[in-house]
Amino acid sequence: MEDSRKQISLVLSIIPFIVMIVAMSFTILVFHGAPHIPLILGAMVAAFIAWKSGYKWKEIENFIYNGIYKVLPAVIILIAVGMIISSWIGSGIVATMIFYGLKIISPSLFLVTIMIICSIVSIMIGSSWSTMGTVGIAGMGIGISMGFPPAMVAGAVISGAYFGDKMSPLSDTTVLASSMAETDLFQHIRHMTYTTVPATIIALIIYWFMGLNYAGGTIQSGNIQAVIKELQANFLISPWLLLIPLIVILLIVKKVPALPALAAGIILGFLAEVFVQGANVSDAVVALQDGYHIDSGNDTVDSLLNQGGISSMMYTVSLAMVAMIFGGIMEGAGMLKVIVNQILKIVKKDGSLLGVTVLSSFMTNVITAEQYISIVIPGRMYSKTYRDRNLHPKNLSRALEDGGTVTAPLLPWTTGGVFILSTLGVGALQYAPYAIMNLATPIISIIISFLGIGIVYTNKNGETDKEVKRQDEHETSKLYD
């Protein structure tokens, strides 16, 4: 049994969160800084409370190390993601996808098309921000010239960009969510289809109806033609290059583990960069570390393609590790347990637990203004509860993304909302009603959770192949006995 001297009250357990939230608000909204320092400050307060409650410093250090250890799988995959982005850009894969995507735009299907293009690009590069800041900007110019309201175009761009951010194995939030829940990356992605696919279909149908009112629009395609021209000038564009991502997708379908699948993508991309695009071997190797660099003279092309490499992932890697210092102390000292026990007093059914997880991730976005934190903190808060209830961890990872990743851009004070305002020129309060995929996903997630749809359990023989309904209800008071 736990030493009674080490029991920490609910009030003391909440204090580190309050300190972190206040510091986060000032740092991000006032100082326009990163969330790392507020997390470290919160960790320091949590460590002090744990020390005053009877924990020795050596124990607190172990809490920190255990927290960091849990995020190491994500760190390794993020490093691989940085390399695959660089190699796929250098090989012309990304340029080919953009080239053919921009060729199919038509007025009546513009909203549907721009969402699909942003989805494809975001899946390919694993970044909603890079997609919005490049293809999204081009899409805004086209849409506005056709007579679409800026907020409507922004909504379609955001829906597509965050679809890719959510479903791409190259996305840092996707990797982070699977790591926090301690589940396989590709199992996590497949399980998100329960909520993301219906939300995407709903979005495409609504955008199709919206687009019918603009069927007579004309495309002022100067910017797009300039992008296409620069892509052709700097890369060999060929549909054969798309075989490489198709091979990676096939490996995913065949349930090959994440690292070998990503490694195959890196190697094939690197070979295509050297032998198809004619890049110097030394430049291709350097790009794996520092990212791909191009100076085409077109700002849109340069902004889209100057990225990738291991170095580009260090911000997310450092943030994940700092967040787990905070989370490790809060979890190890039992403070998360105290908070979760209070929440679970009203959560009896497993479907309700998933719904509460979605809401918790959303509220973390509201409070901390940072989507990474909306994945990390609820992920550590509820991880043990999911295990105790024999809920497969991919249920948790899906709920984290349904409530955290896609809701971040809907709030004007989050880093995502601020970024979109500065790049697309539209505020969150204007585009949020049109970001259909982002709005529909958490709603669908909560509904199907309460209906018991898409909930997967584990047993002593491993994961169940079919959805099963729990025959026994778990008493909250027994969860941590």
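A helix here is a DSSP run of H or I at least four residues long, numbered from the N terminus. The model is predicted.

**Exercise 1. Place G82 in the fold and find which residues it touches.**

Step 1. Find the element. G82 lies in helix α3, residues 57-90.
Step 2. Check accessibility. The relative accessible area of G82 is 0%. Buried means under 20%, so G82 is buried.
Step 3. List the contacts, leaving out residues up to four places away in sequence. G82 touches G308, G309, I310, S312 and M313.
Step 4. Compare sequence with space. G82 and S311 are 229 residues apart in sequence, yet their C-alpha atoms are 7.5 Å apart.

**Exercise 2. Decide whether S168 is buried or exposed, and find what its side chain meets.**

Step 1. Locate S168. It sits in the loop between α7 (150-167) and α8 (172-181).
Step 2. Apply the cut-off. S168 has 0% relative accessibility, so it counts as buried.
Step 3. Look at the side chain. A polar atom of the S168 side chain lies 2.7 Å from the backbone oxygen of I123.
Step 4. Beyond four places in sequence, S168 touches residues including S122, G126, T174 and I189.

**Exercise 3. Describe the largest pocket and its lining.**

Step 1. Take the volume. The largest pocket has about 770 Å³.
Step 2. Go to the centre. Of the 34 lining residues, S127, W129, D172, Y315 and Y372 are the closest to it.
Step 3. Assign elements. Two or more lining residues come from each of α1, α6, α16, α19 and α21. Helix α6 gives the largest share, five residues.
Step 4. Sort by type. The lining holds 14 nonpolar, 17 polar and three charged residues.

Definitions and conventions. Residues are numbered from 1 along each chain as its sequence is written. This is a predicted model: local features need pLDDT of at least 70, side-chain atom pairs count only at pLDDT 80 or more; totals for chains, interfaces and linings use all residues. Side-chain values use heavy atoms; hydrogens and water are left out. On a 1 Å grid over the protein atoms alone, a cavity is a set of points where a 1.4 Å probe fits but cannot get out, and a pocket is an open set with protein on both sides within 12 Å along at least five of seven lines; lining residues have an atom within 4 Å of a point. Grid points are joined across faces, edges and corners, and a volume is the space filled by probe spheres set on the points. Ala, Val, Leu, Ile, Met, Phe, Trp, Tyr, Cys and Pro count as nonpolar, Asp, Glu, Lys and Arg as charged, and the others, Gly among them, as polar. Buried means under 20% relative accessible area, exposed over 50%, partly exposed in between (1.4 Å probe, protein chains only). Contact means heavy atoms within 4.5 Å. A polar contact is a pair of N or O atoms within 3.5 Å; within protein, one must be able to donate a hydrogen and the other to accept it, and residues adjacent in sequence count only if both atoms are side-chain atoms.
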